[in-house]
Amino acid sequence: KKPYPNTFDDFLEMVVQFGYIALFSPAFPLAAIAALIHNIVELRADAFKLCTSLKRPIVQPAVGIGAWLHILEGISVLSILANVAIVGLTTTQLERLVPTITSTQKVLVVVGAEHALLILKILLSWLIPNQPKWVRRELRRQEHARCVAFKEHQQ
């Protein structure tokens, strides 16, 4: 069996897919469903590959996903900008809602909506913890058990 390659390609594939869906969903709304079906099929294919043709991956501890988090954050900000611009400037939704809207007012509405969504994104990032309570509780429990075992070992 061949050794498992690093996870770079796996992360790259998922980030590119997220980018396509986040940036271009107004142009092709069915992309999210197509990506879901693709991910389900790939999950089964990867499971088969890991079980039959690759050696068991060596566990490498990590604090997080590293630079990928910053890339995903950047894509999410760009997607807000792109999607608001696509929907606000290329459709006639605003003209139907407010028939007397001028081009300048339309741009101001788009910029206002973009700012509101960016503020909402920042607010949600601040309000939602990086680790759920049950994970923090479990980590504290494991750390306590490790300290108790270490003290017992020293005695």
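Okay, let's start where two helices touch: F8, F11, L12, V15, F18, G19, A22, L23 and F24 in α1 meet W68, I71, L72, I75, S76, L78, S79, A82, N83 and I86 in α3. Meeting here is contact, which is heavy atoms within 4.5 Å. That contact splits into 15 nonpolar residues, 4 polar and no charged. For the record, Ala, Val, Leu, Ile, Met, Phe, Trp, Tyr, Cys and Pro are nonpolar, Asp, Glu, Lys and Arg are charged, and the others, Gly among them, are polar.

Quick caveat: this is a predicted model, where local features need pLDDT of at least 70 and side-chain atom pairs 80 or more, while totals for chains, interfaces and linings use all residues. Numbering runs from 1 along each chain as its sequence is written, and side-chain values use heavy atoms, leaving out hydrogens and water.

So how do the two helices sit? The axes of α1 (residues 8-24) and α3 (residues 67-90) come within 8 Å and cross at roughly 15°. Axes are lines fitted to C-alpha atoms over the stretch in contact, with angles from 0 to 180 degrees between N-to-C directions. That makes α1 roughly parallel to α3, a label for angles under 35 degrees.

Now zoom out. The chain has 6 helices and 0 strands; these are DSSP runs, H or I of at least four residues for helices and E of at least two for strands. The C-alpha atoms fill a box of roughly 80 × 40 × 20 Å along the principal axes. Buried residues, meaning under 20% relative accessible area with a 1.4 Å probe, protein chains only, make up 15% of the 155 residues.

Notes. Parallel < 35°, antiparallel > 145°, perpendicular 65-115°, else oblique. Buried < 20%, exposed > 50% of the residue type's maximum accessible area, 1.4 Å probe, protein only.
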